[in-house]
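Here are some notes to read alongside the sequence and the structure. They are numbered so that each point can be checked in turn.

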Amino acid sequence: MSEIKLKTPLTDKDTEELKIGDKVLLTGIIYSARDAAHKRLFDLIQAGKDLPIDIRGQVIYYVGPAPAKPGKPIGSAGPTTSYRMDAYAPKLMELGLKGMIGKGNRAADVVEAMKKFKAVYFGATGGAGALLARSIKKAETVAYEDLGPEAIQRMEVEDFPVVVINDSKGNDLYVEGAKKYRKA
Amino acid sequence: MREVQASEITKAVRDLFIDANCNLGEDVLAAFDRAIEKDESPVAKEVIRELKENARIAQDEQSPICQDTGLAVLFVEVGQDVHVAGGDLKAALNEGVRKGYGEGYLRKSACHPFTRANTKDNTPAVIHFDIVPGDRVRIIAVPKGGGAENMSRVDMLSPSAGLEGIKDVVVKRIEASGSNPCPPTVVGVGIGGTFERSALLAKKALTRKIGERNADPELARVEEEVLSRINKLGIGPMGYGGNTTSLDVFFEVEPCHIASLPVAVNVQCHATRHKETVI
């Protein structure tokens, strides 16, 4: 399978060209955020306040990394299950978020929002935290340090390997993949 | 009466959690090899090769296989002829968790259910004690990740559902879980006892090694049948499609109330981590 190299931040043109099953290597800045950080971002939006990061064109990685060992930029850092961020994701896409990296199914309204706002959902290999950490060259906490592993980190990634699960046309790799191999 | 020092228990628990999180079992690695051989999907083969490579890196670097190093679950069998000296047993176990997660650079994932404030040291551990004959202490450490745990359920079936009903519940649970629990999964099934007992049986079932069939030949056949049905669902590794949705299914069965049929399904991701020691 061929690999598509993409640089972040992503443009509408980038996301519109991607289709389910595409293998993508991401290079640039991505931001980590999971359950508790999403809730805080969402509360700020509801209150009409500024976010600690400008999310236009950005990619959010649903991850809570393990602590970095001395001399390493980060500990193991694979994706967490994405549906827990479904309640917040459409609002973030409305504000310009272009990509999400995680694992597992998304709700119908999240897939709809991807179509509407030209965003994509990437899957990273769940449980391959030690392998994926090798593509993260630098990481620094930019918000919510008190949340420990749930803090928002700015990550510099190089050829970070992901697969397109939901494209901006509403297709779903999980549905198509299972259909192909189902025997019952 | 044999004396066991609390400090020795702390040290053992510390080492077990680091070992379990960094070194994937040989049984799981062998199951990966079989899946690479057998799965019809090229993407599935590639994903499992990645998981093998990931396990190798984790072992080389002694870093965690997965960043979700779990809530710390402990099965502790205390011989009735053991006297724990030099401290409180439960405190000694929790101290071992604190040290293991701190010194092993493991992620601390324990938080308050409402405020979500992290306890910062991954305690308290979830400890299941058992009193057994003898003068030894057996400790099994099971770091349990949240993604797969969230896909687990207890069903209180009507006894009329029978064995076929039980099989359907397990297969449907895995189907509904889809890509969420990081397939290929291992499935622990606890049947019987009470509501909470069935869940405990399901969790304990996950401490078996891949390929280790139930001693009861009838149940061993049921395990194989359910595994085969699950692997026909097409979900595959990471849910990208394939024939390897689960690596194994383990049933544990105990008598239940005449009115009840409790069935617990505890889902475990491919990072099937458990290590044990006897003191």
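1. How many of the eight residues of β5(B) are buried? Please bear in mind while looking that this is a predicted model. Six of the eight are buried, so β5(B) counts as mostly covered by the definition that a buried residue has 20 or more other C-beta atoms within 10 Å of its own.

2. β5(B) belongs to an open sheet of four strands in chain B, ordered β4-β2-β5-β10, with mixed pairing. The edges are β4 (126-132) and β10 (275-278) of chain B, each of which pairs on one side only. On average, neighbouring strands of this sheet are turned by 15 degrees against each other, direction ignored.

3. Which way do the strands run relative to each other, parallel or antiparallel? Strands of a sheet pair through backbone hydrogen bonds in one of these two senses. Strand β2 (residues 71-79) of chain B pairs with β4(B) in the parallel sense, over seven bridges. With β5(B), β2(B) pairs in the antiparallel sense over eight bridges. β5(B) and β10(B) are also paired in the antiparallel sense, here over four bridges.

4. On the side of β5(B), B:P143 stands opposite B:A72. Further along the sheet, B:I139 has B:T277 in β10(B) as its bridge partner.

5. A helix lies across part of this sheet. Helix α1 (residues 6-22) of chain B lies across β2, β5 (137-144) and β10 of chain B. The angle between α1(B) and β5(B) is about 40 degrees.

6. Another place to look in chain B is a pair of helices. The axes of α6 (residues 162-177) and α8 (residues 217-230) of chain B come within 10 Å and cross at roughly 35 degrees. The crossing of α6(B) and α8(B) is right-handed. From α6(B), the residues in this contact are B:K167, B:V170, B:V171 and B:I174. They meet B:V222, B:E225, B:V226, B:R229 and B:I230 of α8(B). By type, the residues of this contact are six nonpolar, no polar and three charged.

7. Chain A can be described as a whole. It has six helices and seven strands, and along the sequence they follow the pattern β-α-β-α-β-α-β-α-β-α-β-β-α. The radius of gyration of chain A is 16 Å, close to the 16 Å given by the globule rule for 184 residues, so chain A is as compact as a globular protein of that length. Its C-alpha trace spans about 45 × 40 × 35 Å along the principal axes.

8. Of its 184 residues, 51% are buried. Among contacts in chain A with a separation of 6 or more, 63% are between residues 24 or more positions apart.

9. What does each chain bring to the contact between them? Chain A gives 39 residues and chain B gives 45 residues. On the side of chain A that touches chain B, the elements giving two or more residues are α5 (129-133) and α6 (173-181) of chain A. α6(A) gives the most to this side, with seven residues. By type, the residues on this side of chain A are 18 nonpolar, 15 polar and six charged.

How values were computed:
Residues are numbered from 1 along each chain as its sequence is written. Chains are lettered from A and ligands numbered from 1 in the order in which they are written. This is a predicted model: local features need pLDDT of at least 70, side-chain atom pairs count only at pLDDT 80 or more; totals for chains, interfaces and linings use all residues. Axes are lines fitted to C-alpha atoms, for helices over the stretch in contact, and angles run from 0 to 180 degrees between N-to-C directions. A crossing is left-handed if the near helix is turned anticlockwise from the far one by less than a right angle, and right-handed if clockwise. Two residues are in contact if their C-beta atoms, placed from the backbone, lie within 7 Å. Ala, Val, Leu, Ile, Met, Phe, Trp, Tyr, Cys and Pro count as nonpolar, Asp, Glu, Lys and Arg as charged, and the others, Gly among them, as polar. Two strands pair if DSSP finds at least two bridges between them. The radius of gyration is taken over C-alpha atoms; the globule rule is 2.2 Å times the number of residues to the power 0.38. A residue is buried if 20 or more other C-beta atoms lie within 10 Å of its own, exposed if 12 or fewer, and partly exposed in between; C-beta atoms are placed from the backbone.
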